[in-house]
Amino acid sequence: MICKVLKNIDIDDRYFFLKTDFEVEPKAGQFYMLRSWENYPTLSRPISIYNVEDGLEFLVEERGVGTNLLRNLKEGDLIKVYGPYGNSFDIDVDKVALVGGGVGTAPMYLTAKKIKEKDRDAKVKLYLGLDEVTKLDEMFYDLEKLGVEIFVKRGGFITDIIDFKEEKLIYACGPEAMLENITKLSLKENSTCYVSLDTKMACGVGACLGCTCKTKNGNKRTCKEGPIFLGSDIYE
């Protein structure tokens, strides 16, 4: 789908906010493949959905050539958007802790929003693990209007501020070390943890097997069977 860029705003030196006019209703935790170039880089970039508000909204971390090209798009420029792909977080819950680290915070916005839209009385806590200088947290505070409790940890380990005895259902997305740590701490308290993996992808539709990950139930494609898995199926 060829779309038009509606907004492209720097959040800080590392992250930017990109909005397109593609109006769809994806599920929480799904992702799209984005590209604004013809031949190089060869691969599109898998980007999680941040929000849907009169168009698709993304929070993107500049990591290399592809995301740099996305960052330099101007209002009115054209961009190819393919998707949505992948499975999703269950939003039919009455209590959940959402944990995001770095750019892994992005899918937690729409997840929190959809949970509260489905059940305004649902208890949702959002934990943001960020570095000391980013302004990424400013993209989440309006969720407090929906009754979402927000906790920010700058530097160190986000797990230091989570009560795993209290949080019996956790959705997490971020660096692999963070996901593994959260899963293991959850298991110690008999809590359930689902993790959204951030792996390198090529096609986004499960054909190339480039994003295959190991699970207790055999190899799985992150883009097709994932990106969301039961944490205990990934980390022992």
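Reader: How many of the 13 residues of helix α2 are buried?

Author: Start with the term. Buried means under 20% relative accessible area, exposed means over 50%, and partly exposed lies in between (1.4 Å probe, protein chains only). In α2, 11 of the 13 residues are buried, so the helix is largely enclosed by the rest of the structure. Among them are Ala106, Tyr109, Leu110 and Ile115. Lysines are buried here too, including Lys113 and Lys116.

Reader: What kind of model am I looking at, and how are residues numbered?

Author: This is a predicted model, with residues numbered from 1 along each chain as its sequence is written. Local features need pLDDT of at least 70 and side-chain atom pairs pLDDT 80 or more, while totals for chains, interfaces and linings use all residues; side-chain values use heavy atoms, without hydrogens and water.

Reader: What covers the buried residues of α2?

Author: First, how elements get their names. Helices (H or I, at least four residues) and strands (E, at least two) are DSSP runs, numbered from the N terminus. The cover of α2 includes β4 (45-48), β5, β6, β8 (95-101), β9 (123-130) and β11 (169-173).

Reader: Which residues does Met108 touch?

Author: Contact means heavy atoms within 4.5 Å. Met108 is found in α2 (residues 106-118). Its relative accessible area is 0%, so Met108 is buried. Leaving out residues up to four places away in sequence, Met108 touches Phe89, Leu98, Val99, Gly100, Leu126, Tyr171, Ala172 and Cys173.

Reader: Now charges. How many salt bridges does the count come to?

Author: Side chains of opposite charge can pair when their charged atoms come close. The rule for a salt bridge is a side-chain nitrogen of Lys or Arg within 4 Å of a carboxyl oxygen of Asp or Glu. The count comes to 15 salt bridges. One of them joins Asp10 and Arg71, at 2.9 Å from N to O. Asp10 lies in strand β1 (residues 2-10) and Arg71 in helix α1 (residues 65-71), so the pair ties together parts that are 61 residues apart in sequence.

Reader: Are Asp10 and Arg71 buried or exposed?

Author: Asp10 counts as exposed, at 51% relative accessibility. Arg71 is buried, at 13%. Arg71 also forms a salt bridge with Glu62, the closest N and O atoms being 2.8 Å apart. Glu62 is partly exposed, with a relative accessible area of 30%.

Reader: Which strands does the salt bridge of Glu57 and Lys19 tie together?

Author: The side chains of Glu57 and Lys19 meet at 3.2 Å, N to O. Glu57 lies in strand β6 (residues 56-61) and Lys19 in strand β2 (residues 15-20), so parts 38 residues apart in sequence are tied together. Glu57 and Lys19 are both buried.

Reader: Which residues are linked in a network of salt bridges?

Author: The network links Arg14, Glu61, Arg63, Asp131 and Asp198. Within it, Asp131 and Arg14 pair with their closest N and O atoms 3.0 Å apart.

Reader: What domains does the chain have?

Author: Domain bounds come from an automatic or database domain assignment. Here it gives domain 1 (2-85) and domain 2 (95-196). Their centres, taken over C-alpha atoms, are 23 Å apart. Across their interface, 20 residues of domain 1 contact 15 residues of domain 2.

Reader: How much area do the two domains bury between them?

Author: Buried area is the accessible area (1.4 Å probe) that two parts lose on being put together, summed over both. Domain 1 and domain 2 bury about 1,500 Å², with 61% of it on carbon and sulfur atoms. In domain 1, Tyr15, Tyr50 and Leu59 lose the most area to domain 2, together 36% of what that side buries.

Reader: How many salt bridges cross the interface of domain 1 and domain 2?

Author: The rule finds 3 salt bridges there. On the side of domain 1 that touches domain 2, the elements giving two or more residues are β2, β5 (51-52) and β6. The largest share, 3 residues, comes from β6.
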